[in-house]
Structure formats: C-alpha cells, structure tokens
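I kept these notes while going through one structure for the first time. Each entry records what I looked up and what I found.

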Amino acid sequence: MLRIPLTDLPTNFSARALQWAAQFPHCAYYEHNDLQQSAAGTFSRLLAVASAAPGAPTALGELPAYLGATPNQSRPSFGFITYDIKNKLEALSSHNPSNFDWPALHFFQPETWLRWQPDTLELHGRTAGVLAAILMTAVPAAAPATVPPLRPRMPRADYLGAVEAVREDILNGEVYELNLCQEFYAENVALDPVAAFWRLNEVSPAPYAGFLRYHDHYLLCASPECFITQQQGIITSQPIKGTRRRGATPAEDEAQRLALLHDEKERAENLMIVDLVRNDLARVAQPGTVRVPELFGTYGFRHVWQLISTVAADLKPGVDLADILRATFPMGSMTGAPKIRAMQLIEQYEATRRGLYSGSFGYVLPDGSFNFNVVIRSLQYRADTGYLSLQVGSAITYDSVPAQEYQECLLKAQGVLEALGTIINEQ
C-alpha cells in the first residue's frame, strides 16, 4: 500500500483518477460529496478497477464463498444488484422489454483500488506506475452534452391512468402503497460517461453518488438514499418517502421543509415503508433489537427536501450478506407494501424493466462491513447501442392525485436533465 498526502496531489486528482479508471471494463467509483447529514453515514470515497472478474458470483448463494475466497479475502469487493434479482428471491417473473443486459448480480475484486482518507490517499493492490499514470491523465475540457430530448416510455395519459388503477387496487385491498416508476429515454446517443457523471455530481451532489462501468454498460448515480449498511454487527437502512421542491428564498425553503414534515400523506407513505423495513430487518436481527433512531427526518438536497427515516438492528450471529439481501431486497421504498403483491402490480403497470434502477450499488470491505445505496436519481447508458435511460417514480397511496405524482416524477428527474442539458418531450 502507498500513502500520499492529499496536499501533494492536484485539486482535480479525483477527476484525473476516474478518467484513468474508466478505461477498465470493471470500474466503480463512490462519492460522498462531503455530505455528512445522514445518520447512517455516507459512501466512503473509493475507486476500484479490474481488467477481468474471474469467478464473479452470478447468484446470491455464491456471494459468501466469493467474499471470503483466498487469496482475495484481504481485498474489498465492488458490485451491484439489479431490481430483477427479485425473480430469484420470490415466485416472480418479468416480461416487460429491456434495452439493457445487466447481469442480475455482479461483483468484482480489484486489481487496484484507491481510498481517500481525511488527509491521505491510499493506493492498494497493484500500485506500480498507477499514481504516475493518473497524474499524466488529461481531463478533457468541459463541453456541453448533445443529448436529444428524452421521450416517455409511458405517455403522460397512460401514467395518469396507471395511478388511478393503483388507487383502485388500494381501495380493493390489494396493496397499501405502490412505487410506480416510468422511463424517459433516448436512442443512438454518443455520450461521454465520465464527463456526464461529473456534470451530474456538480448539479446534484449526493451522499451515495457513484460511477459504474460494466463493459459497455454505465451507471451515473446521484443517489441520496442508503439501502443498507453494516458496521460492527449493526445493520441500518434509511428509506426515503416524501419529497418537496426546495424554496427560492430561505423563508420559502423553510416553509417547504415544514410543509413536507407535517404533510399527512407523506408521513403515511414514510411510516408504511418504515414498518416494512422493520419487518425485513427482523428476519436477520437479534430478537428485540430492531429500532427506529429517527422517524420523519427532513434532509435538504440541491433540488428537493426529502423525508428520511432510519431503521437499525443488531445482526444475529452467523448472518452473511446473502442472508441479509434475501431478507431485505428489493428495498421497500422502491416497491411498496405488502412487498410481493406490490412487485406483481409493478410488473403489470410499468412499461419497461427497471434494470439497475431501484437496484443497489455498493461495496464490501475486508472487515465485513458494507454499504449499499438505492439506485435512484441516476442514468443508465449503453455505449455499444447508444441507449440512454432515466427512470423516476413516486409512491402511490389512495390519497394520491395523479397529476401531482407526475409532477413529482419530473422534479426528481430535474438534476439528471440539467446535467445532460436536455428536456423531456412529453408529446
């Protein structure tokens, strides 16, 4: 391992490092943007690369052996779980079209990885020549993206009709709440993924942001949401349910925050998912240890206020990451309650598969601790086909007003659209 004082590195070192790393077919970068407001913490700032991923797990059951395999047990693992792994966890299926070919689950152990500490940069693994290569890497001059207007996969009228249908399902007792998502897309796009990520990170900084390359597939992520973390035997999840636009002045901004905090519908949405997460964690927790350290916390991000609650528990002895994912995935904030029926209805009402959207992206450190986000406020891109996808959603309850839910989707898309320099063509 090499340690270099951060004061010895250029101010744009992170940009140079990611530019260098993105040449590898397996690349993962995690960014916290110095946002320390989350009770569960944030991502650590990490960068990992590999030319290949031999023995990479393709199913949850293979994860424990892979994470503990010698000689790599002293290395972290980096990877993702797509939403569609639900079909392996429950008696579910997906028949909607997809323009992506992500594996359901993928992890890799790096050849080289970088970890930023408060005052130093650590280089691990194969370090010979890496620092020099990064320092010689040029960061291209910023250029405006040339992305055409995004088209809706689900026309506005169809989305409004789907919300009404979900409200009818709720009235009939099928579900209490359902997270309905929609896709906006463009085809034949020539995108510089690294430059687009930095634009997204600038306009929409988030504590669980990241960049992922898996061969020709890219994820550019500005997520504010923690799916699940584990440190020293304590597991924590922070579901987000409740959104308000930021105000234009300090007084208006505070009024928006208070309106969110006291909105009965938003609180009901949040509480239903908190109860679902408590039930999920109880499956792998020591009896009596599931707790809610914070209920209805209000957290401000660049474009929105969010209502975030924190659920924590002490893990049972012998529980591994695969056990935890089986108990908790997909996250309740992106499905609904009850979870299985909600996922069945999601397949019915949505027009495309989610892929990595509403899945999870994260890392497992050598000491067994891990940190995974919820993939939202994100862009999926295929360099080989030029297909670009932005998905957004909102929680539907019986009190939902379809037009307001649609506007919430557009609000959540705002940061990605600004980064791309484009709009949504609703025609």
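Predicted model: local features only at pLDDT ≥ 70, side-chain atom pairs only at ≥ 80, totals over all residues.

Entry 1, H217. Leaving aside neighbours within four places in sequence, I found H217 in contact with F100, D101, W102, L212, Y381 and R382. One of these contacts I looked at again: the side chain of H217 reaches the backbone nitrogen of D101 at 2.9 Å. H217 sits in strand β11, which covers residues 217-223. Is H217 buried or exposed? I noted it as buried, because its relative accessibility is 5% and the cut-off for buried is under 20%.

Next I looked up N33, which lies in the loop between β2 (26-31) and β3 (46-50). N33 has a relative accessible area of 18%, and buried means under 20%, so I wrote N33 down as buried. Which residues does N33 touch, not counting those up to four places away in sequence? I listed R45, N201, P205, A206 and A209.

I looked up the ring pairs and found 26 aromatic pairs in the structure. One of them is W20 with F24, an edge-to-face pair at 5.2 Å centre to centre and 65 degrees between the planes. W20 counts as buried at 8% relative accessibility, and F24 is buried as well, with a relative accessible area of 9%. I then took the pair of F43 and Y208, which is edge-to-face too, at 5.1 Å centre to centre and 70 degrees between the planes. This pair links distant parts of the chain: F43 is in the loop between β2 and β3, while Y208 is in strand β10 (residues 208-214), 165 residues apart. Both F43 and Y208 are buried. I also noted a cluster linked by ring pairs, made of F13, Y29, W116, F197, W198, F211, Y218 and Y381.

How many residues form the hairpin that joins β6 to β7? I counted three residues there. Strand β1 (residues 2-5) also pairs with β7 (residues 120-125), through four bridges and in antiparallel fashion. Here L2 stands opposite L123.

I looked up α8, residues 264-282, which has 19 residues. From its first C-alpha to its last it reaches 27 Å, close to the 27 Å expected at 1.5 Å a residue. At the start of α8, a side-chain oxygen of D263 comes to within 2.9 Å of the backbone nitrogen of K265. Which residues of α8 are buried? I wrote down K265, E266, E269, N270, I273, V274, L276, V277, D280 and L281. Beside that list I put a reminder: an α-helix has 3.6 residues a turn, so residues three or four places apart point the same way.

Last, I checked UniProt, where an unreviewed entry places the feature "domain: Chorismate-utilising enzyme C-terminal" at residues 156-412. In the model, the end C-alpha atoms of residues 156-412 lie 16 Å apart. The span is 35% helix and 34% strand.

Notes. Residues numbered from 1 in each chain as written. Heavy atoms only, no water. Helix = DSSP H or I, 4+ residues; strand = E, 2+ residues; numbered from the N terminus. Buried < 20%, exposed > 50% of the residue type's maximum accessible area, 1.4 Å probe, protein only. Contact = heavy atoms within 4.5 Å. UniProt positions renumbered as here; feature names shortened; annotations may be inferred. Pairing = 2+ DSSP bridges. Expected span 1.5 Å × (residues − 1). Polar contact = N/O pair within 3.5 Å; in protein donor to acceptor, adjacent residues only side chain to side chain. Phe/Tyr/Trp six-rings, centres within 6.5 Å; stacked < 30°, edge-to-face > 60°.
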